[in-house]
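Please have a look at the sequence and the structure first.

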Amino acid sequence: MKKGKFGEYGGQYVNEILMPILIELEAAFEKHYPTAEFQEKLNGLLKDYAGRPTPLYYAKNFSKLVGCKVYLKREDLVCGGSHKLNNALGQALLTKEMGKTRMITETAAGQHGLATAMAGNVCGLETEVFMGVKDIKRQASNVKRIKLLGAKVTPVDIGMGVLKDAVSDTLRKWTTCSQTTHYLMGSTVGPHPYPEIVATFQSVIGKEIKEQILEKEGRLPDTIVACGSGGSNALGAFRPFINEKDVKLVFVEGGGESLEADNSAAAFKIGKPGILHGAVMQVLQDENGQIKPSRTRAAGLNYPGRGPEISFLVNSGRVKASYAFDKEVFEAVKVMCRTEGLIPALETAHAIVYMVNHKEEFDENELVVLNYSGRGDKDLETIMRYFHES
Ligand SMILES: Cc1ncc(COP(=O)(O)O)c(C=O)c1O
């Protein structure tokens, strides 16, 4: 496959000012990532700072409910509360190698903004986080955390004030400061080499799953389920299994209120390839090719595109795409709370919905790994409001 392309998806469709910067980034990644020195620094931080390896937990009570053997890959236990730190630490180290002093990024659920602020401080880099005004409001606790860490939070009020708008604004800002500043992309989206870099840094999840499940069960799982929009936690879990053809891979997206709702993210089913933020991917768009906003209560799944590699894997049939509606997601939060005493992030709860809704697909001997991407502390107010209102 051509570099940076996943079938018809991916590529580099950016302002020409950014081309030399992307070339510099790709060269830095290829030069430093494979070295023993870089690996030692990264693995040291992943282990002693982030808390890796994360456990693979046999969720006995939840398994009973869904009728098969489910293990949770506990990315909620990564310091900061989600998988986002795996990638942030890697890119922060790369920023140092490139001799840059600042990082900018965007965030929706706030988890990636928090991870970037943490990685920035650890590596001695200044950090600025762009965040849609709507997300600032609904993920207030993470905004407080990011500010406490000393990062600047810049509100984005263009468009609908959500993730897509924050990415657009960060890319725009980057064209004015790329000599000194690295854009720390938070998911497997954007122009090449970002999807490759982010998936590589997140693949630590899947590598650990492989080792842990072999140790616990003596065989590979039958199915791995992960939520996503851009796809970073899903690809992190899937990548080491893509060539293991007997392992089913399921990607669960935000369905919003209902399939009929015009802005349902599940409309990716009827989405078409389009260019978004510098890459071709499956994009939610109207008949004139204008991007349609997605609407889901999970801020972190509110991206109107399915990242290039996930788009390719779904189209080629290797990954099954599914979706969960908001109402089911809130109920799934309750199920996980009551069965295992764990409060999942709203994003993570999408993967839980898949298990609850597809019991007939699994028999009792089926081995499933659910990538438990994050904890729900950030969503507490939204969750309590939902149950209070309904
Ligand atoms: C806990 C959690 N899970 C999943 C996601 C979705 O992102 P991705 O598709 O890159 O894994 C987010 C995004 O913020 C998140 O915070």
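Predicted model: local features only at pLDDT ≥ 70, side-chain atom pairs only at ≥ 80, totals over all residues.

The protein chain is divided into domain 1, with residues 13-46 + 83-198, and domain 2, with residues 51-81 + 203-389. Taken over C-alpha atoms, the centres of the two domains are separated by 22 Å.

## The ligand

Domain 1 and domain 2 both give residues to the shell around the ligand, so the ligand lies between them. Of the 20 residues around the ligand, the ones that come nearest are Ser187, Gly228, Ser232, Gly300 and Gly374.

By class, the shell has 14 polar, five nonpolar and one charged residues. Helix 5 (111-123), helix 11 (232-238) and helix 14 (346-357) each supply at least two of the shell residues.

## Helix 4 and helix 5

Two packed helices are described by the angle between their axes and the distance between the axes. The axes of helix 4 (residues 84-97) and helix 5 cross at roughly 40 degrees and come within 8 Å. The two helices are therefore oblique to each other, and helix 4 passes helix 5 in a right-handed crossing.

Residues making the contact include Leu85, Ala88 and Leu89 of helix 4 and Ala115, Met118 and Ala119 of helix 5. The residues of this contact divide into 10 nonpolar, five polar and two charged.

Note on methods. Residues numbered from 1 in each chain as written. Near = placed C-beta within 6 Å. Helix = DSSP H or I, 4+ residues; strand = E, 2+ residues; numbered from the N terminus. Nonpolar A, V, L, I, M, F, W, Y, C, P; charged D, E, K, R; others polar. Domains from an automatic or database assignment. Axes fitted to C-alpha atoms, helices over the stretch in contact; angles between N-to-C directions. Parallel < 35°, antiparallel > 145°, perpendicular 65-115°, else oblique. Left-handed = near helix turned anticlockwise from the far one by under 90°. Contact = placed C-beta atoms within 7 Å.
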